[in-house]
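Here are my notes on the model you sent. Please read them with the structure open.

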Amino acid sequence: MNDPSNEAVDHNSLFTDELAKTVLNSLSAHIAILDENGVILETNEAWRNYAVKNGMSDDYDHRGTNYLAICDATKGSESGDAGDVAEGIRAVIRGELEEFLYDYPCHSEDGPHWYYMRVIRMTGPGPTRVVASHEEITALKLTEDALRTSQEELIDQKQSLEEINIAMKVLLKQREEDKLELEKKVLNNVKDLVLPYVEKLKNSRLKAKDRTLVEIIDTHLQDIISPLLQRFANANILLTPQEMQVASLVKDGKTSKEIADVLNISETTVNFHRKNLRVKFGLRNKRTNLRSYLLSISG
């Protein structure tokens, strides 16, 4: 007479085996179960379909094939990856590694492919069993390659922009230097070729009408050159040495009396120079503070 308890055990064992196969065959990863020698004991449906896709017959059974021997026998460009895989599996079998992870290329006629391999020991009592799974990660690899290419392009663009920026700075600096040189040339020409003769005319005996015309010319000349006097470097061209001294002391906040004491000149002379400075800087009849203006152009 059959023992009901034994029937229940057999039924549960059968249910567990069938469930395990169903789960195994439902996975997208290509899975093989190996023994302690690397011999394939079982594969799932994804593994078998991949084999058929790569030229094996529909009834080909991988069970009994030594996976490690296949890796060891691999030649050519794939031998390096095969050797690393074999060594990783052996390390898991020996218990030196809890798991072995490896990704590798496996290209075919329909395009490039990459796979992610994971090898672990099965838990529980009994002989050593190892699960080797291969999951295709082609989409991930292609995305990584696209991102890497995009990053490299961005780096190239950034470098190109930096080079353009440097070139622009050089050009702008050169333009500024050229502008300053042109301003100096204009101011020098006015100072050496025009103003001396205007000054002579002002000091000569002229009719009232002619003197008025000379003063108008002098005023207009000052108006023309005053925008160019935006730097002390330029101002120095048209300012007399004493005017430069007075301008520097005014900029330092000294009063007319203090400037007169420092330069050992009369306060009237200082005020005369201050008036000339305002004229040369185009500040005549303006409320602009001379010291504030000198501070602004000295920067």
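This is a predicted model: local features need pLDDT of at least 70, side-chain atom pairs count only at pLDDT 80 or more; totals for chains, interfaces and linings use all residues.

The points below run from the whole chain down to single residues.

1. Overall form. The protein chain has eleven helices and five strands. Its radius of gyration is 47 Å, whereas a compact globule of 299 residues would have one near 19 Å. Along the principal axes, the C-alpha atoms fill a box of roughly 150 × 45 × 30 Å.

2. Burial and surface. Of the 299 residues in the protein chain, 29% are buried. The accessible surface comes to about 20,000 Å². Carbon and sulfur atoms account for 54% of that surface.

3. Contacts. Take the contacts between residues at least 6 apart in sequence: 45% of these join residues at least 24 apart.

4. Is Leu171 buried or exposed? Leu171 is exposed, because its relative accessible area is 55% and the cut-off for exposed is over 50%. Leu171 also belongs to a nonpolar surface patch of about 520 Å².

5. Helix α10. This helix has 14 residues, 267-280. From first C-alpha to last, α10 reaches 20 Å, close to the 20 Å expected at 1.5 Å a residue. Which residues of α10 are buried? They are Val270, His273, Leu277, Val279 and Lys280. Note that His273 and Lys280 are on that list.

Definitions and conventions:
Residues are numbered from 1 along each chain as its sequence is written. Side-chain values use heavy atoms; hydrogens and water are left out. Patches are made of residues with over 30% relative accessible area and no salt bridge: like charges are joined within 9 Å, nonpolar side chains (Val, Leu, Ile, Met, Phe, Trp, Tyr) within 5 Å. Accessible areas come from the Shrake-Rupley method with a 1.4 Å probe; for residues, only the protein chains shown count as cover. A salt bridge is a side-chain nitrogen of Lys or Arg within 4 Å of a carboxyl oxygen of Asp or Glu. Buried means under 20% relative accessible area, exposed over 50%, partly exposed in between (1.4 Å probe, protein chains only). Helices (H or I, at least four residues) and strands (E, at least two) are DSSP runs, numbered from the N terminus. The radius of gyration is taken over C-alpha atoms; the globule rule is 2.2 Å times the number of residues to the power 0.38. Contact means heavy atoms within 4.5 Å. The expected span of a helix is 1.5 Å times one less than its number of residues.
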